[in-house]
Amino acid sequence: MQHPNRLWIVYLARAALFAAAVVMAVAPMLLATRDIAILTEFLSLLTIAIMWNLLAGYADIVSVGQHAFVGVGAYALFGFAAIAHVDPYLAIPLSALVALVVALPVMVIIFRLRTAYLAVGSWVVAETIMLAAGKLSAFGGGSGISLPVSVVRGFGSRVTERYATIYWIAFAVAALALVATWLLMRSRIGLGLTAMRDNEEGAGVVGVNLIGLRVLCFLWTAPFLGLAGAVITLQKLRVSPPASFSIIDWTVYVIFIVVIGGIGSFEGPIIGTVVFFLIREYLSEIGVWHFIILGVLSIAVVLIEPRGLWGLVRRLLPADVIPISRRRRVRR
Amino acid sequence: MDALLDITDLSVSYGPFHALGPVSLTVGAGEIVSIIGANGAGKSSLMKAIVGQAGRSEGKIVFEGEDITARTTAQIARAGIALVPEGRRLFPSLTVEENLRIGWEVGRQGAFGFDEIYALFPALAERRTLHVRHLSGGQQQMVALGRGLLANPKLLLCDEISLGLAPVVIADLYRIIPEIRDRGIGIVIVEQDITRSLAVADRFYCLLEGRVNLSGRPTNTNRDEVARHYFGM
Amino acid sequence: MGELANQIVQGVLVGGLYAMYAMGLSLSVGVMRFVNIAHGDLIVLFSFLILALIHATGIGALPATLMTLPIAFVGGYFLQRFLLQRVLGQGVLPIILVTFGLSIIIQNGLLGTFGADTRRVSGGGFETATLRIGGGINIGVLPLTIFIVAILMVLALDWLLYRTRLGARIRAVSDDPATANLVGLPSARVYATAMGIVGVTIAISAGFMSIWTNFDPTAGPSRLLIAFEAVVLGGLGSLWGTLVGGIILGVAQALGAQIDVSWQLLAGHIVFLVIFLARPEGLFPKY
């Protein structure tokens with residue numbers, strides 16, 4: 001009976017999470033265009049953060065190259081919508097497919113590296129893909145290209161309408177990423193992943209297929225990252241190698257988000273993304289210093305509380321806010 | 001006489017698993033003490049706890065009148081306790097001589113130098129520039145023992161040194177152990193082979209489920225009694 | 001034909017600089033079994049330190065570099081002893097995250113201190129001197145010096161690791177840190193010393209890099225990637241292999257640049273990936 005009367009906090013947090021989801025579902029009806037744009041970014045980063053957490057927090061794939069798939073998704077969207085003239089709404093799921101296809105050869109390369117060296121190896125691959133994207137003249141080469149007005153119009157003729165549509169797409173992508181990954185974690189596969197997070201050798205001994213799980217997780221994340229890339233492109237209205245494949249935006253920030261929020265937990269990336277946007281809103285005017293604060297903070301987290309902010313909070317609570325173990329009720 | 005090593009109420013646990021204790025025992029200078037017991041009785045945990053490599057331990061370990069319980073493994077080694085670990089654990093990318101030299105450099109001055117070790121183990125003298133991975137199991141065990149001795153310890157802990165070796169090699173190793181004792185070094189032997197280890201021991205402790213259930217001098221103790229305590233019957 | 005030969009020669013010489021970047025990484029991979037994500041940023045940090053020393057005191061690039069060597073050794077020692085050692089042996093994730101955080105801190109600390117401008121250190125005319133050997137091949141005195149120093153560094157590290165008592169200790173700890181502690185060799189201190197040596201290689205490469213190439217606060221990651229590629233190509237932990245790996249990358253980039261300048265970096269990465277797929281264990285695997 002460690003936490004006798006704190007279960008109400010968990011229920012309150014769940015209610016708050018649910019309320020936030022409901023509010024976010026109708027946000028375009030409530031908020032100004034600028035806020036909608038920020039929330040769209042929030043949802044895209046959240047999607048990417050959930051995926052990085054799945055890889056680094058559970059599957060022991062500490063990649064520094066996942067921005068490659070965001071960029072691939074961005075370029076795929078442009079390719080289908082602007083060059084092949086596919087219906088722009090259809091181009092979005094197609095970009096997920098392309099990211100998945102690209103993930104196969106990438107996996108063949110980086111899985112040959114031992115886990116300690118995979119981080120930089122994945123970065124090399126991402127760098128190569130980005131440089132290769134700069135060679136595609138139909139995509140504007142090294143300097144990039146804007147989405148044609150005809151494609152942009154497909155999402156709404158007026159600016160406010162377009163922002164709302166893109167927001168809802170981002171919302172759908174993030175919701176899909178969250179719910180699907182949650183279901184994955186609650187399945188038998190998730191049980192293996194949790195075992196792997198807690199003790200990799202032990203998990204291998206009791207018959208968890210480590211390689212199979214790694215492959216599954218890596219392939220799982222690629223289409224979602226591709227979707228995030230497509231959404232980001234719709235919002236930014238252009239593709240270019242340095243922006244679409246931005247390591248700062250889609251990897252550095254994401255690592256900070258997950259580490260500070262709490263790696264290896266389902267709540268961590270959500271908390272981390274919220275905290276990150278607060279820091280960005282209030283500290284970005286101090287320029288480089290907000291990076292330094294994030295860097296120091298993340299090192300401190302690793303040294304002091306490796307489970308991040310959520311790890312601190314979770315100690316005080318009797319249960320997860322987003323339960324991934326299949327026990328229905330919490331008994332103590 | 002004060003004991004060289006004096007252990008009081010030592011227990012070791014790994015997470016929820018209780019591996020040893022509480023046990024109390026002593027080892028004197030110039031004395032061979034044999035620790036016997038079945039698999040899982042806590043023998044290896046005891047050895048690891050003495051050198052500060054057990055997961056979590058409680059109790060008190062006093063060596064030469066000083067409390068070494070809280071010291072790091074390297075400090076304990078420098079204080080004069082050498083463990084010849086189970087499985088030998090040589091440095092595979094080092095030659096025979098380099099392996100020995102590591103023990104010698106960080107250890108203390110004393111009776112054992114390279115000449116003495118090569119005299120004890122002539123097979124090593126011929127192979128000093130070879131990498132240890134090219135040696136036979138018995139030769140590797142000689143390097144492990146030599147590495148421990150070159151540190152000129154006051155207390156030598158031998159964990160399963162005969163494991164996996166041919167009988168003739170084991171006999172060779174066990175011929176040397178009383179010679180080491182006669183130089184005033186305290187020796188603790190952990191061994192599966194009770195007959196072998198009781199034959200050289202001055203005293204013994206028998207462990208069962210982490211506790212001492214019999215101790216004494218092999219010469220005064222009936223073998224059947226040892227066997228009964230060994231198996232806990 | 002002469003032009004092609006000349007490009008290959010230039011590529012080989014660039015490979016010397018790349019090998020220099022990679023040597024410290026090779027040592028930390030071989031001994032401590034981790035990849036320091038901040039490796040490139042540390043090189044750039046020392047280039048800025050050398051730049052600042054020159055500006056503050058008016059001394060030349062060589063004495064400035066020499067002055068940073070002890071700083072680099074002590075810095076590497078303490079970095080390992082008090083930061084990296086704390087997360088060593090806890091799996092892959094913590095060490096990557098800590099060095100990753102360090103990388104971002106260094107980059108932005110430099111941006112805040114020195115601004116985003118591209119810099120270069122003057123070698124006092126040394127960097128423009130050229131030897132003409134005929135056949136259309138010109139060899140710069142600076143690149144040649146760097147190449148020779150890179151070979152000397154491999155020789156020195158090889159001697160240090162395999163011929164000295166310190167080297168035997170480093171190899172022992174690298175084999176088995178727990179057993180090293182057992183025989184009285186404090187592995188944490190040996191690791192820290194090894195990282196101090198890595199620091200010295202970083203400062204030397206920083207000195208040469210600052211004269212030969214432009215650099216800015218965000219130049220670290222590209223150095224890290226090159227160093228990593230050279231280490232993997234050569235075979236993890238093999239110093240001579242690292243030199244060969246650096247040369248392969250240098251030549252690949254030089255030939256890529258022949259197609260088009262924008263192909264330079266891409267050609268290096270592609271050659272790396274192709275060789276890596278064919279020989280994942282590297283060209284000169286040690287283990």
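Trainee: How many salt bridges does the rule find across the interface of chain A and chain C?

Mentor: Zero between chain A and chain C; the rule asks for a side-chain nitrogen of Lys or Arg within 4 Å of a carboxyl oxygen of Asp or Glu. This is a predicted model, in which local features need pLDDT of at least 70 and side-chain atom pairs count only at pLDDT 80 or more, while totals for chains, interfaces and linings use all residues. Residues are numbered from 1 along each chain as its sequence is written, chains are lettered from A and ligands numbered from 1 in the order written, and side-chain values use heavy atoms, without hydrogens and water.

Trainee: How much area do chain A and chain C bury between them?

Mentor: About 3,500 Å², 85% of it on carbon and sulfur atoms. Buried area is the accessible area (1.4 Å probe) lost when two parts are put together, summed over both. For chain B and chain C the figure is about 1,700 Å², with 60% on carbon and sulfur atoms.

Trainee: How many salt bridges are counted between chain B and chain C?

Mentor: Four.

Trainee: What makes the meeting of Glu98(B) and Arg171(C) a salt bridge?

Mentor: Their side chains come to 2.7 Å, N to O. The pair therefore qualifies, being an Arg nitrogen and a Glu oxygen inside the cut-off.

Trainee: Which residues join H3(C) and H4(C)?

Mentor: Leu79(C), Leu83(C), Leu84(C) and Val87(C) in H3(C) are in contact (heavy atoms within 4.5 Å) with Pro94(C), Ile95(C), Val98(C), Thr99(C) and Leu102(C) in H4(C). Helices are DSSP runs (H or I, at least four residues), numbered from the N terminus.

Trainee: At what angle do H3(C) and H4(C) pack?

Mentor: H3 (residues 61-87) and H4 (residues 92-114) of chain C pack at about 135°, with axes 7 Å apart. The axes are lines fitted to C-alpha atoms over the stretch in contact, and angles run from 0 to 180 degrees between N-to-C directions.

Trainee: Why is H3(C) called oblique to H4(C)?

Mentor: Because under 35 degrees is roughly parallel, over 145 roughly antiparallel, 65 to 115 roughly perpendicular and the rest oblique. The angle of about 135° falls in the rest, so H3(C) is oblique to H4(C).

Key
Helix = DSSP H or I, 4+ residues; strand = E, 2+ residues; numbered from the N terminus.
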